[in-house]
Amino acid sequence: MNRDKSLRSKLLLLLLFQQCSSFLEDVCENDDYECQHPDDVDGIGHLQHNKSQNINILRRLQRMSMLQCVKECFMTSQCIAINYRKNWKLCDILDKLPDGENIQNESGSIYTKIASWPKSLAGGCSKITCKPGQKCEKQPNGGLGYCESPAPTTPNATCIETFGLYRNLGTGIQFKCNNGFTIKGRPFQVCSENGEWKQLFCCIKKSLRPHDCGDIPIQCPSEVYKIYPTATSHLDVYCDMETAGGRWTRRIDGSTDFYREWSDYEQGFGRLDSEYWLGNQNIHTITSSGNYELYIHLEDFDGKTIYAQYSTFNVEDSQSNFILHISGYTGNAGDSLKYHNNMMFTTTNKDNDRWSQDNCADLRKGAWWYKHCIKSNLNGKYGYRNNGQIIWKSWKIKESMKSTKMMIKKTQEL
């Protein structure tokens, strides 16, 4: 009888051991070393389970163990604690709580102060002090002490989360505009792949009525803006803030048909964020409100790019059939627009060119300031190399362009 009892006890202990072993296997992730080998980790800090701090988050990191999270805290200036959510392997690097604030209850979250952990976890960075908001990292040469540059200041905006982790953006800082300002773009600053900050937004005054793209604050992103070229008119345009001009036509992939009639070219067509023509009447309205220059950017199917710039650019009104005036060429594309200077605009249903045999618009499958017929044809049929009609002859006599942009901006007053 006693022998049977002893045997049953041993079997029960063996079963319990197997159950505990299976439990540990279920709880510990394959790459969570300190969970699988708790005896190998020295100086575990004080853990407060089901607690979290939800304000003053310095950085938010994914796919890491708790020990890695603690190390990140040691290497980030101002970090005094972490939140760790094991189920998501999500790590929050935390600044100190403001006076009067307390940590919150949160199921599944662990809160621990960095002071309860050994500083040796920071390795070589344990002796480096970074400026506020910066992180100690390894340099390419293997040295330590490199601190990332701080994010640039953003006028008229307030930071609402520091070093958050956002889908499709990566690590970034989120903002909101101050009272009296409206946001343009996505409200983030993100750290790009080359380690530089990129701003995706700006805050502009709600009362701002920009005459053209030149009145948009320089820190604003390239985007569609409403401009007011005259006291009684306004229109939406795409402002290319990298080249400081109002882009009024773009060809990139042939998604928009440019072989159109007069009314389409007069009013404009296409999508402002893709391929489009702003409209001859709109171009006239803008260029007649001041002195403007023209910038043309061209790209071939080998990825080579060139440009042509004209210091004077103007389009007359509909009564003149939108006569073109350009002068003052500079650039490396060659001057293929001079041939079309002082010409009226021509479309498939309104022939204003000087070719007596036929309509250049039908021959070149587009619309332009044709003469006899072209030296350039940026509104021609889209096609690969010799199968297209987007031509700039001073660069490539017969080969069509892959992409084109025509941009204008107001001439700087001396």
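I began with pairing: two strands pair if DSSP finds at least two bridges between them. Strands (E, at least two residues) and helices (H or I, at least four) are DSSP runs, numbered from the N terminus. The model is predicted, so I kept in mind that local features need pLDDT of at least 70 and side-chain atom pairs pLDDT 80 or more, while totals for chains, interfaces and linings use all residues. Residues count from 1 along each chain as its sequence is written, and side-chain values use heavy atoms, without hydrogens and water.

**Sheet.** I found strand 1 joined to strand 5 (residues 104-113) by four antiparallel bridges. In that region, serine 52 faces glutamine 104 of strand 5.

I then traced the whole open sheet: five strands, antiparallel, in the order 1-5-3-4-2. Strand 1 (48-52) and strand 2 (57-61) are its edges, each pairing on one side only.

**Arginine 85.** Which strand holds arginine 85? I located it in strand 3 (residues 81-85). Is arginine 85 buried or exposed? It counts as buried because its relative accessibility is 7%, and the cut-offs are under 20% for buried, over 50% for exposed and partly exposed in between (1.4 Å probe, protein chains only). Its contacts (heavy atoms within 4.5 Å) include Ser52, Asp92 and Glu106.

**Cores.** A nonpolar core here is a set of buried Ala, Val, Leu, Ile, Met, Phe, Trp, Tyr and Cys residues joined through side-chain atoms within 4.5 Å. The largest has 53 residues, with Trp248, Leu294 and Ile296 making the most contacts inside it. Strand 18 (residues 305-315) gives the most to this core, five residues.

Note on methods:
Lists of a residue's contacts leave out its neighbours within four places in sequence.
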